[in-house]
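Subject: Structure handover

Hello,

Here is the structure for your files.

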Amino acid sequence: MPAVRVRLLGRFELRADGAEVALESARAESLLAYLLLHRGEPQPRERLAALLWPESTQAQARTNLRHVLHTVRGRLPDPAAVLDVTTKALCWRGEVWLDVAEFERLLDAGHPEEAVEIHAGELLDGCDDEWLRPERDRLRARLGEALAVVVERAEGRGDLAAALAHAERLRGADPLREATYRLLMRLHDARGERARALAVYHECASTLERELGVAPSAATRAAYEALVGGGRAAAAGRAAGHAALVGRVPERAALAAAWRAAERAEPRFVLVGGEPGVGKSRLVEELRAWCARRGAAVADARCYAAEGPLAYGPVVAWLRGSALAARVARLDAARRADLARLLPELGDTRPEPLPAAELRLRLLDAVAAAVLAPGPPVLLTVDDLQHTDRETCAALHYLLRADTPRLLVVATARTGEIDALHPARELLAGLHALDRCTEIELGALGPAETAQLAHGLAGAPLSEAQAHRLHEETEGNALFVVEALRAGWSPGAPASARVQAVIGARLAQLTDPARELVAVAATIGRAFRVDVLAAAMEAAATGEDELVTALDELWQRRIVREQGPDTYDFAHDRIREVAAAAVGPVRRRLLHARIAAALERSPGADPAAVAGHYEAAGRAADAVRWYRVAAEAAQLLHADRRAVELLDRALVQLETLPAGPGRDAEELAVRTAILAPLALVDGYASPATSVHQERARELSGGAESPPLLRSLALTALSGSDFAAATRAGHLLRAAGERDGDDVGLVEAGYVLGVAAFWQADFAGARDHFTAAVARYRPEHSRVHLIRYAQDPKVTCLGRLANTLWFLGRADEAFAAREGALAWARELGHPLSTGVGLLFAALLDLDAGDDEALRARVAAMAEVRAEQPPFRLSRAALTALVAGGGPDEVDAAAAAVPGGIAAPGQTAVLARVRLAAAVRTGDAALARAASRALLDLGGPACVWAPEAHRVLGVPSRTTLRSPEGPVDQHNVVLDGTLPGNGAGTPCPPL
């Protein structure tokens with residue numbers, strides 16, 4: 001077996017003696033690929049330089065070649081054994097196992113099955129070099145021939161599943177090859193899947209119409225007629241023609257300019273806004289076809305109002321689309337494992353839970369690796385952005401902030417439905433700041449454009465009077481014009497002035513089976529798979545013949561459109577809305593029950609959708625069960641707001657069930673589960689958190705679980721109820737000792753330490769923090785982060801540093817502070833890092849180290865932690881180091897939503913206000929701030945000595961800190977009286 005193995009089909013891979021060799025250069029891979037494909041043939045340097053750098057001068061290309069050759073030779077273990085390098089030419093002369101050669105050898109030997117197994121993708125996929133095109137075309141043709149043989153053999157031996165898998169691969173290799181669609185139709189029909197066979201035809205016809213502007217051939221049409229019945233197929237046609245895009249000249253030019261910028265590696269985001277039906281989606285559809293013809297990788301997604309926004313919903317749709325699926329398949333194993341959290345079909349086991357920051361970073365990295373992989377530029381489209389989720393917005397911001405991605409994202413949204421609190425608003429603001437965002441607002445069509453659209457649909461021009469009448473009735477709304485004409489509009493029989501009525505009239509023209517299918521599809525509320533639709537229709541005793549006929553009728557009349565393999569959606573949301581409104585309440589509940597049952601049996605179904613349908617069906621127990629599953633899935637993605645929403649809906653459903661022990665146990669589980677995500681969203685001091693805690697305590701009958709005890713402790717600390725916090729901490733510790741739970745024991749030490757600290761019991765706090773740090777195990781860090789949102793080692797070491805300072809042990813305090821920050825850096829968890837920096841900044845403040853304080857606050861500004869307590873403290877400290885007084889500190893804190901929501905936060909804010917007042921040099925202002933701190937009581941007692949000191953000495957007196965003399969006007973000191981040891985409390989006034 002050769003020592004060197006190289007794969008060029010798909011992702012480039014070079015192995016020497018079993019170890020992977022990373023060239024880390026696309027040019028190096030291209031050079032080596034060319035030499036391998038022409039191995040044994042010396043290649044002149046001039047030819048290689050011209051092939052690899054066709055746009056460079058000859059001298060520059062030769063220089064580039066020398067640099068790349070140097071890289072290749074430096075990476076190969078023994079370059080002299082495989083490369084022949086002279087001043088004139090290069091040649092691969094060594095023995096090598098090459099997948100391209102093995103692929104062709106197996107084909108020539110009559111082993112197509114083994115050959116197609118070796119073929120893992122396009123030749124040197126991701127490389128755009130011109131020299132690859134002829135070789136790619138040749139190998140693609142050979143693959144197509146091999147796959148056709150493999151499919152025929154599998155079909156001949158009755159292995160239809162294998163035949164289908166290879167036929168799908170054949171379609172992916174050439175989506176414009178009609179023979180493949182006919183093959184797929186035949187295979188699905190042979191498996192008794194006539195509806196899926198019909199979906200293949202619809203996809204074929206739509207692809208040919210969109211990409212080439214042609215209809216399917218006679219052979220394909222005949223295969224279709226055999227499925228649905230020749231007489232009916234011939235009679236139907238496609239009603240009223242395809243609505244051409246008219247007008248929109250400036251908007252089309254703006255989109256074309258955005259695409260050309262993306263081709264130049266200048267990423268752009270375009271938001272197309274407008275009223276419903278104005279033509280937003282049609283404009284984007286035209287861009288999509290234009291970009292596809294230019295060789296773009298195009299992926300589409302759509303957001304839906306039903307069941308609420310799905311975390312990463314559009315991202316999942318993009319990655320599953322044919323344009324990006326191949327890129328996902330080429331990712332390394334680690335990134336594919338990360339994407340399995342979004343695409344379960346990629347993994348055999350359930351992915352390991354990860355902390356929020358680590359999960360987000362790994363997911364975004366994997367998504368970017370797929371979307372921004374080398375290859376053609378990418379167009380991502382998403383309809384109805386007003387229904388999207390914050391996780392998708394974060395992913396888009398991540399993708400579009402990259403330095404040079406060849407990426408354009410185009411979204412549509414209804415005017416006025418993205419308000420100031422919508423997650424997309426932050427995305428738009430961030431992209432505008434980067435000058436990477438364009439917003440286009442579509443208006444209604446004018447009279448001439450309305451007449452042009454009508455002419456295209458009707459096949460004959462309207463008179464001037466007719467055109468004026470149509471524009472008047474439809475107000476230039478493109479959807480209204482299309483629907484009116486398809487419903488049979490004529491000037492002598494005007495349509496209703498409401499587009500809903502026009503759509504309703506068109507739906508009324510459907511056959512009974514088609515109307516039944518429309519009702520089911522509209523009740524689903526989003527894009528629907530053929531298998532789900534078939535299962536729901538079978539429950540209604542609808543035969544397959546009726547299902548196929550009805551589905552084809554809806555497609556023929558352009559009421560639904562294909563959305564990819566085996567998937568359909570309504571041509572417009574307004575059609576879905578009208579169809580759904582026509583379903584009566586009793587029938588609607590029955591349909592929801594059927595759909596929920598069908599989704600349960602469908603792999604990869606969204607659990608929130610299943611729960612929503614059970615809720616609408618009035619089956620509360622099933623809805624609760626699935627809402628809990630959906631909330632758990634959301635928490636694994638750290639979509640905490642979504643998890644809270646889902647668990648709240650579960651509680652609403654529980655209220656409809658009969659009282660009893662079973663319901664109580666289920667309610668306790670739901671209320672306990674909601675505490676963790678709710679704390680991250682609203683904080684421990686929120687009224688909603690208290691409501692859930694009290695009800696959970698009532699239901700637990702005094703046997704509170706560790707998550708409930710820890711939540712109760714943090715809420716008590718936030719409200720300065722240290723007695724209650726201490727009781728909860730002791731119970732948490734007892735539970736940990738009873739169960740041998742190190743995680744619970746560490747959290748108990750954290751709770752008890754914080755309670756002691758904010759009561760100025762520094763010796764007790766030291767002991768609790770020290771014990772917690774000693775018991776902490778690094779291998780448990782993820783458990784702490786997932787279950788309790790922050791790392792206790794960081795928080796305990798950080799607060800231990802402040803504790804030791806007040807005990808007069810400065811050197812140990814500084815060592816503990818550095819330990820906390822070092823562990824935070826190693827973890828990379830934003831909230832834990834933020835907490836570590838916050839308490840380090842407070843130590844800097846007390847120690848009078850102004851330079852360190854400024855550096856610490858600057859570091860806090862870089863932390864991406866969104867929790868209100870951290871953001872509030874950061875805002876107050878930022879105002880302080882900027883030179884602001886107490887009013888500026890107050891204003892900065894007040895501007896942060898969420899308010900006081902963490903233990904000791906009022907005391908921290910009062911301490912920062914006092915520092916700001918002292919820095920102004922205004923003695924009266926400083927004394928007022930001191931009295932305000934003392935009046936707080938509770939946790940403010942930690943800094944009472946500092947307030948006493950300010951009240952007892954002149955404003956500009958030089959005092960001493962543990963580091964030596966400092967000017968009190970410039971910095972704030974350690975909170976002790978002059979001459980007393982550090983940590984000696986001042987007597988009360």
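The notes below cover a sheet, the helices on it, and one arginine.

This is a predicted model: local features need pLDDT of at least 70, side-chain atom pairs count only at pLDDT 80 or more, and totals for chains, interfaces and linings use all residues. Residues are numbered from 1 along each chain as its sequence is written, and side-chain values use heavy atoms, with hydrogens and water left out.

The sheet is open and has 5 strands, ordered β9-β10-β11-β8-β12, with parallel pairing. Strands (E, at least two residues) and helices (H or I, at least four) are DSSP runs numbered from the N terminus; two strands pair if DSSP finds at least two bridges between them. β9 (297-302) and β12 (437-441) are the edge strands; each has a single partner, so one side of each lacks a neighbour in the sheet. From one strand to the next, the twist averages 15°. Strand β8 (residues 268-274) runs parallel to β12 and is joined to it by 5 bridges. Phe 269 has Cys 437 in β12 as its bridge partner.

Helix α13 (residues 249-263) packs on the sheet and touches β8, β10 (378-383), β11 (407-414) and β12, where contact means heavy atoms within 4.5 Å. The direction of α13 makes about 145° with that of β11. Angles run from 0 to 180 degrees between N-to-C directions, with axes fitted to C-alpha atoms, for helices over the stretch in contact. Helix α19 (residues 390-401) lies across β8, β10 and β11, at about 145° to β11.

Arg 594 is in helix α29 (residues 585-600).

Regards
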